[in-house]
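This report describes a two-chain protein model for a reader who works with computed coordinates. Please keep the sequence and the coordinates at hand while reading.

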Amino acid sequence: MNYGHQTVLAVRYIGQGFMITLSHANRLPVTIQYPYEKLITLECFRGRIHFEFDKCIACEVCVRVCPIDLPIVDWKFETDIRKKRLLNYNIDFRICIFCGNWVEYCPTNCLSMTEEYGLSTYDCHELNCNQIALGRLPMSVIDDYTIRTILNSIQRKTQ
Amino acid sequence: MNLSATEKDLMIVNMGPHHPSMHGVLRLIVTLDGEDVVDCEPILGYLHRGMEKIAENRTIIQYLPYVTRWDYLATMFTKAITVNGPEQLGNIQVPKRASYIRVIMLELSHIASHLLWLGPFMADIGAQTPFFYIFRERELVYDLFEAATGMRMMHNYFRIGGVAADLPYGWLDKCLDFCD
């Protein structure tokens, strides 16, 4: 290959590389202004855990499936009705890794994962939730009128 | 190290475990002669998390989230190897659709991992901007994972005998859009 041919090839390669940089100028921005705009998460998103106290039968499968044996199930066997009675149910969100293992394994479907992911507090002991705190409904992002919600990001970015 | 440091004026520099080049924790004891690197001794072990000891006390379904976190850049491969072992030992047949889904997920992880190699590699050469372009592409992969599994990175999606849940309805089209 003579020198002119090599120069043409080099210019072409540089041009191809530069076209990539220029094409990024045409694309929509990926960043969202977080406190004022939030992404709507998908319905299978593994956020904070939601627990229905009435459906739980205190079988403790959730404890056995959890990687850290996290849920604390406090039950008492009532001898008169011959069933277990659930006294207290506790999850410590400081330690939970949100793996979602137990949602598959709970036999009565009393567990699900909500769309909340902003669980930070000033006092870490507030994250140790008992069954009343776990049963509260998630704060929906769509209903919050101070936050502009962004739809599913794949549809935005591939335009 | 087979050079004695009293012959010439060699400088021994400790590049400590944390350094700003995002390669993770690796301690290098580097012997320098001026600007040339004469000898380099890596000291490993700063990322050891005791995973084998933890695994002694867990069942397979409890251990899968740990396995995802072994290789946090391409997260499906470690799950695949942890699940393939018991499947072959127990002669458990994986359904064909689950097998195909696993391969698609593994290939997406493969792409994501190579993207994340490319970013810091170019940052080492000197080009800092492609680092952010790479993360933009990885965000697209994360969105695909989130649609299928529920979490962007630490999804435990594989189970012994198949996958945790089926793909949602329009996922393949979005995946093909990504490939374009």
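## Basis of the model

This is a predicted model, in which local features need pLDDT of at least 70 and side-chain atom pairs count only at pLDDT 80 or more, whereas totals for chains, interfaces and linings use all residues. Residues are numbered from 1 along each chain as its sequence is written, chains are lettered from A and ligands numbered from 1 in the order in which they are written, and side-chain values use heavy atoms, with hydrogens and water left out.

## Chain A

Chain A contains five helices and seven strands, where helices (H or I, at least four residues) and strands (E, at least two) are DSSP runs numbered from the N terminus. Read from the N terminus, its elements follow the order α-β-β-α-β-β-α-β-β-α-β-α.

Of the 159 residues in chain A, 32% are buried; here buried means under 20% relative accessible area, exposed means over 50%, and partly exposed lies in between, with a 1.4 Å probe and protein chains only. The accessible surface of chain A is about 10800 Å², and carbon and sulfur atoms account for 58% of that surface, the areas coming from the Shrake-Rupley method with a 1.4 Å probe and, for residues, with only the protein chains shown counting as cover. When contacts (heavy atoms within 4.5 Å) in chain A are taken between residues at least 6 apart in sequence, 71% of them join residues at least 24 apart.

## The interface between chains A and B

The size of an interface is often given as the accessible area lost when the parts come together. For chain A and chain B the buried area is about 2400 Å², with 52% of it on carbon and sulfur atoms; the term stands for the accessible area (1.4 Å probe) that two parts lose on being put together, summed over both. Chain A brings 29 residues to the contact and chain B brings 25 residues.

Between the two chains there are ten residue pairs in polar contact, both residues at pLDDT 80 or more. A polar contact is a pair of N or O atoms within 3.5 Å; within protein, one must be able to donate a hydrogen and the other to accept it, and residues adjacent in sequence count only if both atoms are side-chain atoms. On the side of chain A that touches chain B, the elements giving two or more residues are helix H1 (3–26), helix H2 (61–65), H3 and helix H5 (153–157) of chain A. The residues on that side divide into 16 nonpolar, seven polar and six charged, with Ala, Val, Leu, Ile, Met, Phe, Trp, Tyr, Cys and Pro counted as nonpolar, Asp, Glu, Lys and Arg as charged, and the others, Gly among them, as polar.

## Salt bridges

Over all chains, a search of the whole structure finds eight salt bridges, each defined as a side-chain nitrogen of Lys or Arg within 4 Å of a carboxyl oxygen of Asp or Glu. One salt bridge crosses the interface of chain A and chain B: Glu104(A) and Arg159(B) meet through their side chains at 2.2 Å, N to O. Because Glu104(A) lies in helix H3 (residues 101–105) of chain A and Arg159(B) in strand S4 (residues 158–159) of chain B, this pair joins two chains. Glu104(A) is partly exposed at 40% relative accessible area, whereas Arg159(B) is buried at 8%.

Within chain B, Arg97(B) forms a salt bridge with Asp166(B), and their closest N and O atoms are 3.1 Å apart. Arg97(B) lies in helix H4 (residues 96–125) and Asp166(B) in the loop between strand S5 (162–163) and helix H6 (171–179) of chain B, so the pair ties together parts 69 residues apart in sequence. Asp166(B) is partly exposed, with 45% relative accessibility. Glu139(B) and Arg152(B) also meet in a salt bridge (3.3 Å, N to O). In chain A, Lys76(A), Glu78(A) and Arg85(A) are linked in a network of salt bridges.

## Positive phi angles

Most residues other than glycine have a negative phi. Phe98(A), however, has a positive phi near 55°; Phe98(A) sits in the loop between strand S4 (83–92) and H3 of chain A and is buried, with a relative accessible area of 17%. Asn91(B) also has a positive phi, near 55°; this residue lies in the loop between helix H3 (75–90) and H4 of chain B and is exposed, with a relative accessible area of 65%.
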